[in-house]
Amino acid sequence: MTGSDALETRLAQLEARAADGKLLPGQAAIDLCRGIRAFAEGDNAEAIHLLEPTLAELTRIGGSHAQRELWEDTLIVAYLRAGRGEAAASRISARLDRRPSARDEAWSRQAQRN
């Protein structure tokens, strides 16, 4: 939806619902949409700014563990692209403490080089 008016229209609808108290996830849902748009457009600093505080709200929004992990994956890649290896390494380390992952181990090596 990047590069089209569809996302802006949907964001306006979400903001109107939030203003009326009818958007259960509240601002978090709006910030996730804005964050993923920033990521898709290559604005990693803005993606980090929007996604980082919102991840704590993901369980409130719902979805499976795997779906929520995709948001965290996006944040990790944004950290790596923005040269914030320490932030990426910290988040990756917490994930590796929970379970092994070849992808996270590769990202961890990349984060150490950043």
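The following legends describe an overall view and several close-up views of a predicted model of one protein.

**Figure 1. Overall view of the helices of the predicted model****.** The protein contains 7 helices and 0 strands. Read from the N terminus, the order of its elements is α-α-α-α-α-α-α. Along the principal axes, the C-alpha atoms occupy a box of roughly 45 × 30 × 20 Å. The views below turn to individual helix pairs and to a pocket.

**Figure 2. Close-up of helix 2 against helix 3****.** Helix 2 spans residues 27-40 and helix 3 spans residues 44-54. Their axes lie 8 Å apart and form an angle of about 155°. Angles over 145 degrees count as roughly antiparallel, and helix 2 and helix 3 are therefore described as roughly antiparallel to each other. The crossing of this pair is left-handed. On the helix 2 side, the contact is formed by Ala28, Asp31, Leu32, Arg34, Gly35, Ile36, Ala38 and Phe39. These residues meet Asn44, Glu46, Ala47, Leu50, Leu51 and Thr54 of helix 3. By class, the contact of helix 2 with helix 3 comprises 8 nonpolar, 3 polar and 3 charged residues.

**Figure 3. Close-up of helix 2 against helix 5****.** Here helix 2 packs at an angle of about 40° to helix 5, and the two axes are 11 Å apart. Helix 2 and helix 5 are therefore oblique to each other. Their crossing is left-handed. Helix 2 contributes Leu32, Ile36 and Phe39 to the contact, while helix 5 contributes Trp71, Thr74, Val77, Ala78 and Arg81. The residues of this contact divide into 6 nonpolar, 1 polar and 1 charged. Leu32, Ile36 and Phe39 of helix 2 also belong to the contact with helix 3.

**Figure 4. Close-up of helix 5 against helix 7****.** Helix 5 covers residues 65-81 and helix 7 covers residues 102-113. The axes of the two helices come within 10 Å and cross at roughly 20°. That angle makes helix 5 roughly parallel to helix 7. The pair crosses in a left-handed sense. From helix 5, the residues in contact are Glu69, Asp73, Ile76, Val77 and Leu80. Their partners in helix 7 are Arg103, Trp107, Gln110 and Ala111. The contact of helix 5 with helix 7 contains 5 nonpolar, 1 polar and 3 charged residues. Val77 of helix 5 takes part in this contact and also in the contact with helix 2.

Figure 5. Helix 5 gives the most, with 4 residues. Sorted by class, the lining has 2 nonpolar, 2 polar and 5 charged residues.

Notes. Residues numbered from 1 in each chain as written. Predicted model: local features only at pLDDT ≥ 70, side-chain atom pairs only at ≥ 80, totals over all residues. Heavy atoms only, no water. Axes fitted to C-alpha atoms, helices over the stretch in contact; angles between N-to-C directions. Parallel < 35°, antiparallel > 145°, perpendicular 65-115°, else oblique. Left-handed = near helix turned anticlockwise from the far one by under 90°. Contact = heavy atoms within 4.5 Å. Nonpolar A, V, L, I, M, F, W, Y, C, P; charged D, E, K, R; others polar.
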